[in-house]
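Subject: Structure handover and findings

Hello,

Here is the structure you will be working with. My notes follow directly below it.

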Amino acid sequence: MLREIRLTVNGKARTFEADETTTLLDALRNHLGLMGARYGCGAEQCGACSVLIDGEDKPSCAIEAGALEGRAIVTIEGLGTPDHPHPLQTAFLEKQAGQCGYCLAGILVGAKALIDANPDPSRAEIAEALSWHLCRCGAHNRIMAAVALAAERMRAEVGR
Ligand code: FES
Ligand code: FES
């Protein structure tokens with residue numbers, strides 16, 4: 001059954017009409033035009049669809065969008081822009097942290113959640129936080145190096 005769904009995405013109020021069972025990923029991609037989060041497994045197992053929900057790294061492929069009214073949703077599009085990239089995006093580019101890039105939208109928001117909660121993560125903590133994000137290209141070492149570099153720069157920016 002169709003219903004009106006109101007979400008807060010990347011700081012903006014967004015309203016659209018969709019079936020009440022529409023997943024958050026479907027809503028983002030097909031109703032709101034935000035194509036960064038990707039469909040991988042559809043079963044909350046790979047992280048390709050990950051977004052931030054109230055600051056936590058969460059899969060969007062199975063949760064119903066209508067259940068998220070009033071929650072703050074941030075997608076990869078909310079991290080930075082080509083003119084003003086997030087330090088994570090800059091570090092990933094510099095380290096060439098990825099090959100096909102399919103996993104990266106999810107990994108980047110997951111890394112943001114980690115650094116926001118823990119500005120100085122160890123290599124083990126980075127690995128643990130991102131462990132549920134699958135990267136079939138095997139770019140793990142460069143991804144971890146990029147996250148560490150971004151965290152270091154973000155600490156330097158705020159004098160930590
Ligand atoms: S597509 Fe959502 S976790 Fe794999
Ligand atoms: S860069 Fe291809 S799946 Fe991660």
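First, a definition. A residue counts as buried if 20 or more other C-beta atoms lie within 10 Å of its own, as exposed if 12 or fewer do, and as partly exposed in between; the C-beta atoms are placed from the backbone.

This is a predicted model: local features need pLDDT of at least 70, side-chain atom pairs count only at pLDDT 80 or more, and totals for chains, interfaces and linings use all residues. Residues are numbered from 1 along each chain as its sequence is written, with chains lettered from A and ligands numbered from 1 in the order in which they are written.

Domains

The protein splits into domain 1 (2-78) and domain 2 (87-157). These bounds come from an automatic or database domain assignment. The C-alpha centres of domain 1 and domain 2 are 22 Å apart. Domain 1 puts 15 residues into the contact, and domain 2 puts in 14. Contact here means that the C-beta atoms of two residues, placed from the backbone, lie within 7 Å.

On the domain 1 side, β3 (51-53) and β4 (56-58) are the elements that give two or more residues. Helices (H or I, at least four residues) and strands (E, at least two) are DSSP runs, numbered from the N terminus. That side of domain 1 has 8 nonpolar, 4 polar and 3 charged residues. The classes are these: Ala, Val, Leu, Ile, Met, Phe, Trp, Tyr, Cys and Pro are nonpolar, Asp, Glu, Lys and Arg are charged, and the others, Gly among them, are polar.

Ala-111 touches Leu-88, Leu-130 and Val-147, leaving out residues up to four places away in sequence. As background, nonpolar side chains tend to be buried together in soluble globular proteins.

Sheet

There is an open sheet of 5 strands, in the order β2-β1-β5-β3-β4, with mixed pairing. Two strands pair if DSSP finds at least two bridges between them. β2 (12-19) and β4 are the edge strands, each pairing on one side only. From one strand to the next, the twist averages 40°.

β1 and β2 run antiparallel and are joined by 8 bridges. Glu-4 has Glu-17 in β2 as its bridge partner. The hairpin of β1 and β2 has 2 residues between the strands, and Asn-10 takes a positive phi near 50° there. Of the 8 residues of β2, 0 are buried, so the strand lies largely in the open.

β3 and β5 (residues 72-74) also pair in the antiparallel sense, over 2 bridges. Leu-52 stands opposite Val-74 in β5. α1 lies across β1 and β2, and runs at about 105° to β2. Axes are lines fitted to C-alpha atoms, for helices over the stretch in contact, and angles run from 0 to 180 degrees between N-to-C directions.

Loops

Two loop alanines come next. Ala-48 sits in the loop between α1 (24-31) and β3. Ala-48 counts as buried because it has 25 C-beta neighbours inside 10 Å. Beyond its neighbours within four places in sequence, its contacts include Arg-38, Tyr-39, Tyr-102 and Cys-103.

Ala-139 is in the loop between α4 and α5. Ala-139 is buried too, with 21 C-beta neighbours inside 10 Å. Apart from neighbours within four places in sequence, Ala-139 is in contact with Ala-97, Gly-98 and Gln-99.

Two positive phi values also turned up in loops. Asp-54 lies in the loop between β3 and β4, and its phi is near 50°. Asp-54 is exposed, with 11 other C-beta atoms within 10 Å. Gln-96 is in the loop between α2 and α3, and its phi is also near 50°. Gln-96 is exposed, with 11 other C-beta atoms within 10 Å.

Best wishes
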